[in-house]
Amino acid sequence: MKIEYRNISPNETEAINQISDWYLSEWKISKIKTTKSLTESTNQNVIFQTIMTDEKKLIGTGGLYHKVGIQSRIKKYENYSPWIALMFTEPKIRGKGLGSKLLDEIELEAKKKGFEKIYLFTHTAESLYIRKGWNEIDRYQIEGKNIVIMDKEI
């Protein structure tokens, strides 16, 4: 494996199409919404979107965002920012530590951009975030999912 990480640019249509397919499949986020958020220069929500490649093949992604969906559901978090969001690795490579390395890269980039504290929420990868030093700050049952909201000083 030759894993590389970098931030995606708005003109990388092939990669953005792949990310849009992943997000539709994993979270039912419309392809149009994902494409707009990653290509429109007027979008102020995406701070950056990191991609992970192996031999130039896209295998994972995640980003740092000013706003995420949980904030509209739980009002006490509406002014919290920024959020690591939409962390995705291809299912066939899961369990090999690559999601952890992608998280490290996103945290490093967030720190470079001057952020001192970051947030996330998850219902699927809590153990990963605990291992990586994240702290639980709240827990909710939403649509049958056990959602944990976490923070980390970086």
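**Notebook: a first walk through the model**

I take helices (H or I, at least four residues) and strands (E, at least two) as DSSP runs, numbered from the N terminus. With that in hand, I placed Gly 133 in the loop between α5 (126-131) and β6.

A note on ground rules. This is a predicted model, so I numbered residues from 1 along each chain as its sequence is written, and I kept local features to pLDDT of at least 70 and side-chain atom pairs to pLDDT 80 or more, while totals for chains, interfaces and linings use all residues. My side-chain values use heavy atoms, with hydrogens and water left out.

**Entry: Gly 133**

I looked up its accessibility, where buried means under 20% relative accessible area, exposed over 50% and partly exposed in between (1.4 Å probe, protein chains only). Gly 133 has a relative accessible area of 38%, so I noted Gly 133 as partly exposed. I also checked Gly 133 against Glu 107: they are 26 residues apart in sequence and 11 Å apart in space, C-alpha to C-alpha.

**Entry: Ile 154**

I found Ile 154 in the segment after β7 (145-153). Its relative accessibility is 22%, so Ile 154 counts as partly exposed. Which residues does Ile 154 touch, not counting residues up to four places away in sequence? With contact meaning heavy atoms within 4.5 Å, I listed Glu 107, Ala 110, Lys 111, Phe 115, Glu 116, Lys 117 and Ile 118. I also looked up Trp 134, which is 20 residues from Ile 154 along the chain, with 10.0 Å between the C-alpha atoms.

**Entry: helices α1 and α2**

Two packed helices are described by the angle between their axes and the distance between the axes. Axes here are lines fitted to C-alpha atoms, for helices over the stretch in contact, and angles run from 0 to 180 degrees between N-to-C directions. Helix α1 (residues 13-27) packs with helix α2 (residues 31-39) at about 135 degrees, and their axes are 9 Å apart. I therefore call α1 and α2 oblique to each other (under 35 degrees counts as roughly parallel, over 145 as roughly antiparallel, 65 to 115 as roughly perpendicular and the rest as oblique). From α1, residues including Ile 16, Ile 19, Tyr 23 and Leu 24 make the contact, and from α2, residues including Thr 34, Thr 35 and Leu 38.

**Entry: aromatic rings**

How many aromatic pairs does a search of the whole structure find? I got nine aromatic pairs. Rings of Phe, Tyr and Trp (its six-membered ring) pair if their centres lie within 6.5 Å; planes under 30 degrees apart count as stacked, over 60 as edge-to-face and the rest as tilted. Tyr 77 and Trp 83 have ring centres 6.4 Å apart and planes at 85 degrees, so I wrote this pair down as edge-to-face. Both Tyr 77 and Trp 83 are buried. Ring pairs also link Tyr 77, Tyr 80, Trp 83, Tyr 119 and Phe 121 into a cluster.

Most residues other than glycine have a negative phi, and most peptide bonds are trans. I noted a cis peptide bond between Ser 81 and Pro 82, with omega about -5 degrees. Pro 82 sits in the loop between α3 (70-73) and β4 (83-89). In strand β4 I found Leu 86, with a positive phi near 60 degrees. Glu 143 also has a positive phi, near 50 degrees, and lies in the loop between β6 (135-142) and β7. At 62% relative accessibility, Glu 143 counts as exposed.
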